[in-house]
Amino acid sequence: MSSGSGVEVTDATVRELCDIAQLAVQLAKAAGADAAEVLVRDGSELTAKVRLGQPELVQEAGSRALGLRVIRGGRRAVTYTSDLRREAIAALCAESVTLADFAEADELALPPDPKLLATSIPELDLYDPRVAEVDAAWALKQAIAGEAAARKADARVTNSEGATWSRVLGATAFATSGGFVGGYRGSYASLVVEPLCDDATDPANPKKRNGYWWTASRFLAELDLAEAVGLEATRRTVATIGSRKVDTQECAIVFDPEVARSIVGTIFSVANGSSFWRKSSYLVGREGDLVASPLVTIVDDPLIMRGPGSRPFDGDGLPTRKNPVIEAGVLCPVLCDVYSGRKLGRASTGSAGRGVGGNPSPTTSNLVMSAGNMTRDALIKSTKRGLYVTSLMGFGFNAVTGDFSRGAQGFWIENGELTFPVSEVTIAANFDEILKRIDAVADDIEMRSSTVAPTFRVSHMMLAGNSPAKA
Amino acid sequence: MATTTALPAALRAPFAPGGASAIDAQLAQRLLGLALEAGGDYADVYFEFRVSADYALEDEQIKTLGRGITLGLGVRVTRGDATGYAYCEDLAWEKMAHAARTAGQIAAGGGHKPVDVSPHTTVALPSFYAVPTPSLVVPAPDKLALLRAADKAARAFDPRIVKVQASFAESIKEVLLFTSDGRQAHDIQPMIRFGVSAVAEEAGKRQSGSGGGGGRYGMDYFAQAKTDAIAHGREAARVAIAMLDARDAPAGDLPVVLGPGDSGILLHEAVGHGLEADFNRKETSNYTGQLGKQVASTLCTVIDDGTLQSSRGAINVDDEGYAGQENVLIKDGILVAYMHDRMSAKHFGVAPSGNGRRESFRAMPMPRMTNTQLMGGKDDPDEIIKSVKRGIYAKRFSGGQVNISNGDFVFSLSESYLIEDGKLTAPLKGVNLIGNGPDILRKVDMLGNDFLLSDGIWTCGKDGQSVPVNVATPTVRISSITVGGTQV
């Protein structure tokens with residue numbers, strides 16, 4: 001690792017962005033806005049990808065953007081630019097105010113009560129200067145080590161989709177005409193290794209089998225060793241050789257943490273203030289009801305130190321807090337930003353997310369499904385027959401009805417043992433039933449990404465594979 | 001270059017001739033020289049200026065108007081199979097020079113002699129989307145009127161429609177590209193996208209439907225009755241109402257009839273991605289080594305065509321400076337060609353096919369689809385439906401995904417019907433189909449004479465980059481595919 005790659009984000013960077021954000025708020029007010037909110041982002045990326053031991057791509061760049069929302073007489077416009085010169089910002093402000101006049105007044109679309117705005121920014125330890133010190137040569141070395149370990153681990157690995165080491169560094173500042181100003185910096189580094197093998201199990205239809213494994217953290221020292229990532233990637237990939245379809249049947253479905261977290265993400269997509277006021281969720285009207293198995297508890301916690309999804313304030317400038325989403329199967333009051341809260345006649349939960357070019361909406365920070373009290377091995381042992389799912393494909397979820405149908409890949413469980421690999425099947429049930437049928441939750445939780453879940457089991461779902469469906 | 005005329009100054013790229021930071025061949029040559037200093041064997045510089053706007057209606061009100069501007073330069077340097085990439089968002093010389101040198105580092109330390117930058121000649125381009133008046137110059141109230149018309153039409157369609165959202169997005173992207181081997185290209189790429197979604201409610205049941213379209217058009221797109229705002233509003237309402245009666249879909253293998261147009265998404269997933277040559281160069285696709293072999297039923301001819309007038313996937317020029325073109329990929333079931341970018345074309349010793357595309361100046365180009373089509377056959381579409389005793393008729397889709405390595409793909413039906421004794425009967429709840437690309441294409445056993453290009457709604461994602469594409473098919477019968485329902 002060499003020193004001084006010149007991309008470090010300092011407190012001075014954050015202050016500079018805060019100044020730009022405040023300047024833009026003033027310029028927008030001067031241009032005629034009743035209220036203005038400005039988000040400024042400064043980020044840089046380094047991506048180093050190797051394949052078959054050779055560098056394939058080194059990408060390095062920095063980027064800045066400013067997002068502006070103006071409100072005038074309850075009319076809103078949202079604009080953005082990558083040109084942060086004072087005259088460009090002034091021009092954007094003038095144009096935004098003109099644009100807002102074309103919208104229709106929405107009395108709920110007013111900024112939050114200034115009394116609610118965050119007055120202090122908690123330090124959540126989201127930035128590691130060592131991540132900034134990494135240069136392309138060191139990143140390539142890590143990727144090469146990860147891929148080499150994957151290829152050496154098993155002779156059946158005959159090819160590779162490569163290994164990629166990447167990092168992002170960034171600073172975010174937010175200022176509003178209500179008086180909020182705040183900023184913070186963050187870092188995130190990751191390594192992913194993707195081996196490939198040939199599968200000639202069916203000589204008439206030879207296939208390739210791919211797989212991957214990864215490590216990620218805001219802190220360099222918390223990353224798994226590149227070699228360990230490579231080994232796990234190969235273990236997961238070669239295990240899929242000989243994958244086959246199974247017969248159509250109803251059976252238990254066990255979700256690996258890699259896919260369990262996507263199920264948890266799907267829960268949030270139907271349990272937030274925005275989907276509720278839009279009535280685009282099958283859960284509308286069911287707060288306080290049992291909507292999942294009592295084994296299910298999910299919280300959204302933005303204040304986890306070093307958490308991948310942590311944030312010290314939200315996209316409305318409100319303080320963030322830990323919020324329950326589902327408690328022992330009961331649907332808690334849904335997470336809201338200021339606007340969706342008003343639409344539902346209640347207060348924000350401090351859950352607003354905001355991008356540079358859009359309105360705020362409720363988003364998750366660190367969404368965590370609580371661990372159960374059995375090991376993953378014990379969970380599988382207690383499963384008589386079913387599918388252990390390691391990956392899902394497609395977008396087969398209807399939020400309004402809860403109908404869920406997705407492609408799945410994994411391993412067949414017979415009498416508590418993983419037996420052979422399975423692919424080219426779908427699993428389906430109504431989401432309401434899926435959540436209520438969760439009958440076992442393991443204790444294997446690892447905080448590697450902003451949404452995490454342990455292994456869990458759904459007592460039964462319809463698996464579609466070979467035949468029936470005749471008459 | 002494209003012939004879009006009468007663009008006001010605010011919509012013209014600052015790097016265009018006469019702009020505030022006009023880039024000429026001489027300046028580009030200096031940048032390319034810097035990029036190749038460390039020993040690269042090829043470099044390109046890609047300037048992009050994009051102005052976009054969007055309008056949204058919800059609850060019978062115009063909720064938000066948005067506008068965005070991006071400007072940047074992407075610099076790519078290659079040395080063998082390795083690529084260095086950097087970008088900047090400021091066209092000040094020192095920023096551009098820094099990006100060029102950063103990208104050039106990929107070749108550092110090899111002791112290579114830099115290649116010379118060739119003198120530039122402008123690539124002569126066709127014009128597949130000359131828009132006399134880009135929608136961005138049309139006053140906002142005209143577009144807001146479209147949203148209101150769609151909203152009104154959806155609500156008027158049926159009293160059970162309880163919620164309507166409508167949106168209109170428009171952009172103009174201007175690109176200017178110089179390559180170290182002497183190509184220079186300049187293009188102006190308009191795009192519009194109109195969308196409506198509706199929610200229907202009856203006796204505690206709720207269902208949603210959507211409609212929409214667009215492409216590389218101006219406001220003239222809405223002049224046709226088939227694609228005006230009212231038609232899109234009614235279509236969203238029609239789907240939502242039809243789905244109110246939806247019943248659980250079957251589970252297991254069944255014959256499937258794909259409706260014309262949007263079903264091309266199956267083709268896009270099942271074969272399209274696997275024929276992108278980067279996967280085949282790396283031998284990671286299940287179509288690797290299959291050139292000249294039969295990979296589909298003899299009924300199937302698959303063409304990727306970047307030259308379809310005004311289509312969402314049309315390109316006058318790809319993002320490496322090669323003109324958009326028509327490429328036959330599968331002819332009567334035989335795999336005849338892959339889709340190439342510059343790097344894969346070099347690897348296979350063929351001409352680039354005009355498929356080197358990128359999402360923006362922030363990303364390197366790779367082989368991508370444009371307008372991917374399964375060509376029409378001879379069968380009467382009604383006869384195709386009549387030929388099925390029990391199966392599924394797939395009409396609208398919400399998306400798909402493929403695993404390139406093993407060819408498994410899924411696609412999600414948002415509107416489908418049970419076929420019983422040759423007739424469409426009950427609508428079915430949202431369901432996924434899963435199959436294996438080569439396997440499914442061999443099972444195509446009837447092709448309709450009703451070839452149809454989808455209205456422009458599709459966006460394709462690959463390696464984190466999104467590009468607009470389009471698809472086309474006639475009615476297609478597949479003898480058997482796994483249907484992911486819940487009823488045995």
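Predicted model: local features only at pLDDT ≥ 70, side-chain atom pairs only at ≥ 80, totals over all residues.
Figure 1. The C-alpha centres of domain 1 and domain 2 of chain A lie 24 Å apart. Domain 1 of chain A covers residues 11-236, and domain 2 of chain A covers 243-471. The contact between them draws on 29 residues from domain 1 and 25 residues from domain 2. On the domain 1 side, five strands of chain A each supply at least two residues: S1 (35-51), S2 (54-72), S3 (75-81), S4 (157-176) and S5 (181-199). Sorted by class, that side of domain 1 of chain A holds 20 nonpolar, four polar and five charged residues.

**Figure 2. The two domains of chain B.** Domain 1 of chain B runs over 9-243, and domain 2 of chain B over 251-484. Taken over C-alpha atoms, their centres are separated by 23 Å. Domain 1 of chain B brings 33 residues to the contact, and domain 2 of chain B brings 25 residues. The elements that give two or more residues to the domain 1 side are strands S1 (42-58), S2, S3 (82-88), S5 (161-179), S6 (183-202) and S7 (205-215), together with helix H4, of chain B. S2(B) gives the most to this side, with five residues. By class, the domain 1 side in chain B has 16 nonpolar, eleven polar and six charged residues.

**Figure 3. Chain B in contact with chain A.** Here 67 residues of chain B touch 65 residues of chain A. Strand S2 of chain B (residues 61-79) supplies the largest share of the chain B side, twelve residues. The chain B side divides into 23 nonpolar, 31 polar and 13 charged residues.

**Figure 4. Strand pairing between S3(A) and S2(B).** The two strands pair in the parallel sense. Six bridges join S3(A) and S2(B). In one of the pairs, Thr81(A) has Ile69(B) of S2(B) as its bridge partner. S2(B) also contributes to the contact between the domains of chain B, where five residues of the domain 1 side come from this strand.

**Figure 5. Helices H1 and H2 of chain B.** H1(B) spans residues 25-36, and H2(B) spans residues 93-104. They pack at an angle of about 35°, with their axes 7 Å apart. The crossing is right-handed. From H1(B), the contact residues are Leu31(B), Leu34(B), Ala35(B) and Leu36(B). They meet Met96(B), Ala97(B), Ala100(B), Arg101(B), Ala103(B) and Gly104(B) of H2(B). By class, this contact of H1(B) with H2(B) has eight nonpolar, one polar and one charged residues.

**Figure 6. Helices H3 and H4 of chain B.** H3(B) covers residues 140-157, and H4(B) covers residues 229-243. Their axes lie 7 Å apart and form an angle of about 40°. At that angle, H3(B) is therefore oblique to H4(B). The crossing of H3(B) and H4(B) is right-handed. H3(B) makes the contact through Leu146(B), Ala149(B), Ala150(B), Asp151(B), Ala153(B), Ala154(B) and Phe157(B). H4(B) answers with Ala229(B), Ile230(B), His232(B), Gly233(B), Arg234(B), Ala236(B), Ala237(B) and Arg238(B). The residues of this contact divide into ten nonpolar, two polar and three charged. H4(B) is also among the elements on the side of domain 1 of chain B that touches domain 2 of chain B.

Conventions: Residues numbered from 1 in each chain as written. Chains lettered and ligands numbered in written order. Axes fitted to C-alpha atoms, helices over the stretch in contact; angles between N-to-C directions. Helix = DSSP H or I, 4+ residues; strand = E, 2+ residues; numbered from the N terminus. Left-handed = near helix turned anticlockwise from the far one by under 90°. Contact = placed C-beta atoms within 7 Å. Nonpolar A, V, L, I, M, F, W, Y, C, P; charged D, E, K, R; others polar. Domains from an automatic or database assignment. Pairing = 2+ DSSP bridges. Parallel < 35°, antiparallel > 145°, perpendicular 65-115°, else oblique.
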